[in-house]
Amino acid sequence: MVNEQNELIKRRFEELEEIKKLGVNPYPHRYDITHKASELIKNFTDPKDETETEARKKDIVSIAGRISAIRRMGKATFCHIKDDTERIQLYLKKDEVGETPYAILKMLDIGDIIGVKGYVFRTKTGEISVHCVALELLTKSVFPLPVVKEEITESGEKIIHDAFADVELRYRQRYIDLIVNENVKGTFLSRTKIIKSIRGTLEKYGFLEVETPTLQSIYGGANARPFVTHHNALDIPLYLRISNELFLKRLIVGGFSRVFEFVKDFRNEGIDRTHNPEFTQVEWYQAYGDYYDSMKLFEEAVEQACIAVHGTTKIKYQDVELDLKAPWKRIKMVDAIKEKTGLDVLSMKKDDIILYMKQNSIEFDTKLSHSKGLVISSLFEALCEEDLVQPAFVIDHPIDTTPLCKPLREYTLAQLGEMKKDPEQVIFVERFEPYINKWEVGNAYTELNDPVLQRKLFEETHPMDDDFIRAIEVGMPPTTGVGMGVDRIVMLLTNSVNIRDVLLFPLMKPLDK
RNA sequence: GGGGAUGUAGCUCAGGGGUAGAGCAACUGCCUUUUAAGCAGUGGGUCGGAGGUUCGAUUCCUCCCAUCCUCACCA
């Protein structure tokens with residue numbers, strides 16, 4: 001790490017003092033800008049003749065940005081500045097900007113923020129630039145940035161030299177990463193576009209954006225370990241939400257028919273390429289709809305988000321070509337298993353499925369062996385996920401996989417009663433999981449609204465939430481709900497390999513000494 | 001948590017049991033259309049941290065820390 005002893009930093013603090021001695025405030029309050037760099041470059045046309053060239057000199061523009069490169073040539077200086085659009089070259093001559101500004105210019109460094117006034121012209125070597133007549137220091141930078149050089153070849157190709165590439169430093173000092181690595185900003189612009197597009201799709205269908213608690217005294221709605229915190233005044237433990245599902249359903253009970261919320265969820269589990277302890281989901285709930293409605297909306301939301309970023313539904317993720325065009329394939333979990341293995345797990349005994357897995361050395365958690373449904377879903381995960389590259393909805397999971405989903409509509413009440421008694425029978429529920437590039441990118445149900453069954457399933461596998469049960473007892477209309485993993489969608493649409501590349505500030509271990 | 005890799009100047013990297021190297025950046029000088037500007041010169045390091053082996057460790061060994069990859073856990 002850099003400390004204040006660092007020679008480069010010490011030098012910059014000295015320069016700061018010299019600038020002050022010249023009577024210049026290195027941190028002024030504001031600056032008037034007339035243009036962005038991209039506008040100046042886009043709007044420039046070459047003058048026809050000498051008279052026009054002269055006339056152009058009266059069109060004074062004003063622009064500000066951070067110095068990204070500087071080339072001093074004695075009494076003239078070229079530098080590049082970057083604003084939030086692009087980089088543009090500045091040409092500064094001592095006899096035009098004045099003595100004091102030029103003295104300051106001599107002390108400027110890469111990273112300093114300046115404002116200039118001048119006219120746009122094209123240099124001998126062809127680069128559109130600003131010929132400056134005034135220079136003002138807007139912010140002195142005292143912490144040196146990595147020096148990244150851009151070379152533009154004759155073919156117009158851009159080569160980056162000495163890129164700031166240390167992954168750890170990039171995440172820990174994201175502000176530097178954003179300044180210096182151009183594509184990083186692009187990823188986060190895309191992220192914003194994607195979220196905006198998804199929001200637009202939901203609003204188009206009349207969904208209302210709402211906010212529910214992050215701090216919850218009972219956590220639920222997903223199967224995950226929570227972060228625990230403490231409220232001092234009330235002296236009670238509180239949990240950071242692992243999901244907002246149970247609150248959004250309360251709102252459906254309350255009479256909102258379509259709601260959605262983008263939320264940070266917090267799950268106290270391992271960190272890897274696709275998992276960060278806090279991550280973003282969008283969940284939406286639609287009264288009077290079922291999971292077929294949700295599938296349609298899900299595929300449309302992703303398709304539209306893709307178009308918003310790429311203008312097409314065809315993308316390339318790493319080496320894989322993906323087409324996100326709706327409609328996506330739908331496949332029942334048991335059919336996926338049959339396609340892959342030829343096994344009809346419904347007619348097989350539970351122990352025979354387990355035997356099959358052992359014989360084929362398929363990893364299996366024996367803690368799950370009490371439930372035929374969990375055995376089937378383990379088999380699916382072990383064998384079938386790897387084939388789910390193009391977008392697909394896997395539908396109809398065993399009931400043991402979730403306590404919040406309604407059994408298939410084809411079962412009669414009498415049948416359900418019988419099936420529950422027989423451990424070789426598996427009840428399936430109206431659930432779907434969308435897969436893209438082998439990743440689960442969401443989870444959705446025809447929501448369970450039978451309060452008796454809901455209470456029973458909570459007793460078996462979920463922290464009891466009496467208030468939620470009461471809401472279901474008050475009566476929730478037939479409803480479908482969806483959770484979409486926003487970070488993974490962003491990863492796919494920005495060709496990012498690690499979830500940290502799509503989070504501005506991913507969790508890093510602190511570097512305390 | 002297991003396995004593998006990495007950690008050397010502000011940045012990108014090379015090196016290797018005997019007082020540390022390059023390019024860029026910095027500093028001094030020259031240079032008023034340069035562009036990875038150029039030319040000449042100068043400075044800059046607890047070689048991730050702590051122990052150990054050794055006459056001597058940045059190099060070899062052990063442990064620790066951080067990051068990446070991978071497996072496991074986990075939606």
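The surface near RNA strand B in this predicted model comprises 16 nonpolar, 10 polar and 27 charged residues. In total, 53 residues surround RNA strand B. Thr125, Asn223, Glu269, Glu433 and Arg500 are the closest. Of the atoms of RNA strand B that come within 4 Å of the protein, 60% belong to sugar and phosphate.

The side chain of Glu168 places an N or O atom 2.4 Å from a sugar or linking oxygen of RNA strand B. A polar backbone atom of Ala224 lies 3.1 Å from a phosphate oxygen of RNA strand B. At Glu440, a polar side-chain atom is 2.6 Å from a base nitrogen of RNA strand B. Several elements give two or more residues to this surface, among them helices α1 (7–21) and α6 (167–172) and strand β18 (428–436).

The protein has one cavity of 30 Å³ or more. The largest cavity holds about 40 Å³ of space. Its lining consists of Gln216, Ile218, Tyr219, Gly220, Ser243, Leu246, Phe247, Arg250 and Asp465. By class, four of these are nonpolar, three polar and two charged. Helix α9 (residues 245–253) gives the most to the lining, with three residues.

Ser371 sits in the loop between α12 (350–359) and α13 (372–383). Ser371 counts as buried because its relative accessibility is 5%, under the 20% cut-off. A polar atom of the Ser371 side chain lies 3.0 Å from the backbone nitrogen of Leu374. Beyond its neighbours within four places in sequence, Ser371 is in contact with Lys350 and Asp400.

Definitions and conventions: Residues numbered from 1 in each chain as written. Chains lettered and ligands numbered in written order. Predicted model: local features only at pLDDT ≥ 70, side-chain atom pairs only at ≥ 80, totals over all residues. Heavy atoms only, no water. 1 Å grid on protein atoms, 1.4 Å probe; cavity = no way out; pocket = protein on both sides within 12 Å on 5 of 7 lines; lining within 4 Å. Points joined across faces, edges and corners; volume = space filled by probe spheres on them. Helix = DSSP H or I, 4+ residues; strand = E, 2+ residues; numbered from the N terminus. Nonpolar A, V, L, I, M, F, W, Y, C, P; charged D, E, K, R; others polar. Buried < 20%, exposed > 50% of the residue type's maximum accessible area, 1.4 Å probe, protein only. Polar contact = N/O pair within 3.5 Å; in protein donor to acceptor, adjacent residues only side chain to side chain. Contact = heavy atoms within 4.5 Å. Near = heavy atom within 4 Å.
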